[in-house]
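Please open the model in your viewer and keep the selection tool at hand. The stops below are meant to be taken in order.

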Amino acid sequence: MALIISPTALEDGIDITKNPVGTGAYKFKEWVQGDRLVVLKNEDYWQEGLPKVDSITFKPVPENGSRIAMLKTGEADFIYPMPTEQVSEVEGDQNIVVDKIDSTIVRYITLNTMKKPYDDLKVRQAINYAIDKEAYIKVVKSGLGSKLTSSMSSMTQYYSEQSGYDYDPEKAKALLAEAGYPEGFEAEIWGENDSETMKGMQFIQQQLALVGIKVEVKSMEGATLSDQINSATPEDAKIQMWYVSWSPSSGDADGATKGLFSSEFFPPAGSNTAYYKNDNVDKWIMDANKSVDPEAAKSIYADIQKQIWEDAPWAFLGVDQVITGKRAYLEGVKAFPDGSINVLNAEIK
């Protein structure tokens, strides 16, 4: 899915990554990296009566406590994501409205299949058996989510449910022993430095420790993490495990598959950070893209999901709920299953 770029802006040499030009309801004012993005009402917007607010400021706040505090005091009118552990605390507050919807956002750990010991299928399967997904949802997501039962959410086109990888630490230990790691091994997991990601990585660290895998948690600012991943060749990549999420913005199966599992999409070309390569999966992805028959495509994607599940290039964890918090006077801001936010109809009542 691509958006149209202004030809005039390109001809004039404008850096559209820092000075976007468009025909939307809001006009770009300023972007202070790491602090805020400000947009102003487009007085010439084609749709009469919109937008209804003069400006919107988007502000990244990685720390959960700070984000919820801003909502409580009214410094923020709307927050996403709403910290799951704070939902029950504010649900009785007449000044705050909490909205929840099922999502296409999946949570997982990529396992670098080109690097030992993750190149061994038994090790990857062991990691999947070693993590209690029900506990993950309860502890990390405060019960607001569900187990991931395929390589995509059940809300995504052509989803096909898989079975297996129920919590079984003894089976995980046996698989590790069969792979030549009876005492486990040392590992490293990467992730961003926001509160919820840190909580998730610490949970994984504790779970894997129970089967002998000693995990070092390495958190990074998003841009640093991206640079670490995208600046290396597949053979030289230092990444071992990455705790991350993904959602296809269009909700289609291709968006949940090709960029994550095709061998043509190793970083920096795409997001296949497991460096997963399966010739059948590569072929099936191309076949599915060529298919004009929905039933044929559905069957192909079922095969793809089954093969990926068996190959375990990920530790399959959970599916988020999209949870937002807003002040009661704010209307018209809508969250979608992919986590995107629409502010076209934003209005202060």
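The tour goes through aromatic rings, then a proline in a loop, then salt bridges.

Bear in mind throughout that this is a predicted model. Begin with the aromatic side chains, among which 15 pairs are counted. Select tyrosine 158 and tyrosine 301, whose ring centres lie 5.7 Å apart with the planes at 20 degrees, so the pair is stacked. Tyrosine 158 sits in the loop between strand E6 (145-147) and helix H6 (169-178), while tyrosine 301 belongs to helix H11 (residues 294-311), and the pair thus links parts of the chain 143 residues apart. With a relative accessible area of 4%, tyrosine 301 is buried.

Next, select tryptophan 314 and phenylalanine 316, where the ring centres are 5.9 Å apart and the planes stand at 50 degrees, so this pair is tilted. Tryptophan 314 and phenylalanine 316 are both buried. If you extend the selection to Tyr108, Tyr129, Tyr165, Phe261, Tyr276 and Trp309, you will have on screen, together with Trp314 and Phe316, a cluster linked by ring pairs.

Now move to proline 267, which is found in the loop between helix H9 (258-261) and helix H10 (279-290). Is proline 267 buried or exposed? Its relative accessibility is 3%, so proline 267 counts as buried. Leaving aside residues up to four places away in sequence, proline 267 touches Ile229, Asn230, Ala232, Asn272, Thr273 and Tyr275. For isoleucine 229, the C-alpha to C-alpha distance to proline 267 is 6.9 Å, although the two are 38 residues apart in sequence.

Select lysine 52 and glutamate 347, which meet at 3.4 Å, N to O. Lysine 52 is partly exposed, at 45% relative accessibility.

For another salt bridge, select aspartate 320 and arginine 107, whose side chains meet at 2.8 Å, N to O. Because aspartate 320 lies in strand E10 (residues 314-327) and arginine 107 in strand E5 (residues 96-111), the pair ties together parts 213 residues apart in sequence. Both aspartate 320 and arginine 107 are buried.

As a last stop, select Glu30, Asp35, Arg36 and Lys59, which are linked in a network of salt bridges.

Note on methods. Residues numbered from 1 in each chain as written. Predicted model: local features only at pLDDT ≥ 70, side-chain atom pairs only at ≥ 80, totals over all residues. Heavy atoms only, no water. Phe/Tyr/Trp six-rings, centres within 6.5 Å; stacked < 30°, edge-to-face > 60°. Helix = DSSP H or I, 4+ residues; strand = E, 2+ residues; numbered from the N terminus. Buried < 20%, exposed > 50% of the residue type's maximum accessible area, 1.4 Å probe, protein only. Contact = heavy atoms within 4.5 Å. Salt bridge = Lys/Arg side-chain N within 4 Å of Asp/Glu carboxyl O.
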